[in-house]
Amino acid sequence: MRRMLNVRSLQGKLIAIIMGASTGALLLAGMLILVADFYESRAALVQDMTIEAKVLAANSTAALAFDDRQAATEVLGHLSVAPQIQAAALYDHDGKLFASYLGSEATPALVPSRPDSTKTRLGFDRLVVVEPVYLNGVRMGTVLVRTDLRTLYQQLWMSLAGIAFVTGLSLLVAFVAAARLQRYVSTPVLALAQVAKDVSEQRDYSIRASHLTHDEVGTLVDAFNSMLDQIQQRDRQLEAHRTHLQQEVEARTIELTQANARLQGEIDQRNRTEEALRQSQEQLFRSQKMEAIGNLTGGIAHEFNNLLQIINGFSEVILLQLSPVDPAREGLEEIMKAGGRGASLTSQLLAFSRRQANQPKVLDLNGLVTNMGGVFQRLLGESIELATDLDLTAGKVMADRGQLEQVIINLVINARDAMPQGGRLAFATANVEFDEHAAHKLATGRPGSFVMLTVSDTGTGMDEATKARIFEPFFTTKPQGQGTGLGLSTVYGIVRQSHGSIEVESEVGRGTIFRIYLPRVNEVVETAEPIVDAETPVVPGRQSETIVLAEDEHGVRMILQKVLQAQGYHVLVASSGHEAIRMSQQHQGPLHLLVTDMAMPGMSGMELSERLLPLYPGMKVLYMSGHPNGGAEQAGLGVLQRPFLQKPFSPRVLAKRVREVLDGGA
Ligand SMILES: Nc1ncnc2c1ncn2[C@@H]1O[C@H](COP(=O)(O)OP(=O)(O)OP(=O)(O)O)[C@@H](O)[C@H]1O
Ligand SMILES: [Mg+2]
């Protein structure tokens, strides 16, 4: 029942409750009425029958007194007017049956032979009333009247039908009334329910329920609306809070993204720094290696230089003295050729170890490259295309012209050898700036302004292993007899001696690019003085000129002496600075020139000149050394500005240089 009510609609419930209550009340009332009616009717019946029995007893006294059964039967026969009486009997004072009456439907069995009780008895279907018969106080007999209760029950059924009818009618009326009236209760409640549903479905807390009644539902509507107010307010606060939170999150996200970007930047920076460090370390390692090799090679080359000086010098002197048909001439010429090759080799080695004598001048790289066009044509042949991309604004550099020409020729020859099937060789110049960060790629590691010379080819290219070793002296991949492996060592040495840097980029099958960076200078280009060349005729010396020759090495001293004497000079030969001073003092007459080795035990060439010059103010000095610029650079004296001869030199060069100095040239 409760479950049934739970699932019904509000209207259904209201009607069900009203109907249930009405039905219960009506049934209860009906039952009460019915029971009361029954008892009342029964009591009335008992009373009626008792009176009937009493009347019968009074009327029967005479018949009993006179023992007149006929009269008695007549008296009893009057009972036929009362159909509910089934039977009646009269007994004499001994209790014997005296007369009897039987109704139309009665059987004799209904009349007992003796009255079995003196009391009135009420059974389920009958009422037996027993009444004594007195005459003047003497008991004459007994009257018994038996009634069936059918009439009573009929009456009861009638009442029941009436009650049922009234109940049914009442319920019908109640139903109609309930159905019509329930909406006064349910409508406001349903309206409230609808609003609640709308609110929850649309999540719109601005909807409000209308106030339809002033009863409890009205109060409920008020409470509901105020609850909505609170929810709406809470909702707004929540929304505001959420917006705030979202803004916070966004701000934090931006911060985080920025921090992330910063971090990434730092990581990149660090990676770059590490890469730069790695490159600098590699560069340093390479430079140190080259430095070590350079020192070793330089030392050996220097020693060989002295020996070659002697070999070549004597050979030349002896050759001058031999007759054109002398059989020894051929052998001597071979010795001189070998000596010449040796001298060229040592010269390259000296170049690599940065000990080659040089005369740095302000140079224009564009001009240099352009002037060498003819040489390139001869070197490259038909199959190689030559391209130039020269930056006309490219600045000037400070270098030795001859050395730079050597550098360019070595690079061109290498490029040519790398393009046996032909290809393209390109020259380019440009100004470049290196800041602190970028300078690590330079061998010098110093930032500044540079002029870049690029020589690129479309040749075979190099693998990493080859690339790592190309600047080492004697490293070559060419077949024996075809390459000495000194070309790039010379290039490296010259570039470094010119305070520059060289880098290589190469890919197997694609080609190679060499980039040379030389410090940019802002000075005006000087036209390089013509380099002494073997073809220039030598003006012989004059007998009247006296030369002091100071050279500690015996062999060299002898050649120099011979060469100078052969040129007609008067020569004072000394093996040390002290001896030179002594001999000068012993000499009668002027001294025109001092030719001295820079490095001698006891007294250096420089010291000697400083001691002699005050004594012979007009005397000229020509320095010689196996070290570039007389080792002045190593000694921290700067580039020597005085006349100087780099060993080894040929007798012809010596003669020419001596003449120049004596004649007042530099
Ligand atoms: N442009 C280039 N393309 C490809 N490989 C090159 C190039 N330049 C140099 N090399 C490589 O570097 C090696 C060394 O060059 P380097 O000029 O020092 O000696 P070389 O050319 O072999 O001999 P040399 O120059 O003494 O005749 C070469 O043997 C070659 O393997
Ligand atoms: Mg080479």
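**Close-up views of a predicted model**

View 1. Helices (H or I, at least four residues) and strands (E, at least two) are DSSP runs numbered from the N terminus. This is a predicted model, in which local features need pLDDT of at least 70 and side-chain atom pairs count only at pLDDT 80 or more, while totals for chains, interfaces and linings use all residues. Residues are numbered from 1 along each chain as its sequence is written, chains are lettered from A and ligands numbered from 1 in the order in which they are written, and side-chain values use heavy atoms, with hydrogens and water left out. Gly555, Val556, Arg557, Ile559, Leu560, Val563 and Leu564 of α12 are buried (under 20% relative accessible area; exposed is over 50%, partly exposed in between; 1.4 Å probe, protein chains only). Their cover includes α5 (216-321), β13 (546-550), β14 (570-574), β16 (620-625) and α15 (651-662), with contact meaning heavy atoms within 4.5 Å. Just after α12, Gly568 has a positive phi of about 95°.

**View 2. Nonpolar surface patch.** Phe165, Val166, Leu169, Leu172, Val173, Phe175 and Val176 make a nonpolar surface patch of about 680 Å². Patches consist of residues with over 30% relative accessible area and no salt bridge; like charges are joined within 9 Å, and nonpolar side chains (Val, Leu, Ile, Met, Phe, Trp, Tyr) within 5 Å. Areas come from the Shrake-Rupley method with a 1.4 Å probe, and for residues only the protein chains shown count as cover. Leu172 belongs to helix α4 (residues 150-202) and is exposed because its relative accessibility is 54%.

**View 3. Strand pairing around β9.** Strands β7 (residues 384-389) and β9 (residues 423-434) are parallel and share six bridges; two strands pair if DSSP finds at least two bridges between them. Ile384 faces Gly423 of β9. Strand β10 (residues 448-457) runs antiparallel to β9, with ten bridges between them, and Thr429 stands opposite Leu453 of β10.

**View 4. Five-stranded open sheet.** The strand order is β2-β1-β5-β4-β3, and pairing is antiparallel. Strands β2 (97-102) and β3 (121-122) are at the edges with a single partner strand each, so one side of each has no neighbour in the sheet. Within this sheet, β4 (residues 126-135) and β5 (residues 138-148) run antiparallel and are joined by ten bridges. Tyr134 has Arg139 in β5 as its bridge partner.

**View 5. Salt bridges.** The structure holds 26 salt bridges, each defined as a side-chain nitrogen of Lys or Arg within 4 Å of a carboxyl oxygen of Asp or Glu. Glu275 and Arg278 form one, with the closest N and O atoms 2.7 Å apart. Both residues lie in helix α5, three residues apart, about one turn of the helix. Arg278 is partly exposed at 39% relative accessible area, as is Glu275 at 32%. A network of salt bridges links Glu275, Arg278, Glu282 and Arg286. Another salt bridge joins Glu503 and Arg515 (3.0 Å, N to O). This pair links distant parts of the chain, with Glu503 in strand β11 (residues 501-507) and Arg515 in strand β12 (residues 511-521), twelve residues apart. Glu503 is buried at 16% relative accessible area, and Arg515 is buried at 18%. Arg659 and Asp663 also meet in a salt bridge (2.7 Å, N to O); Arg659 is buried, at 3%.
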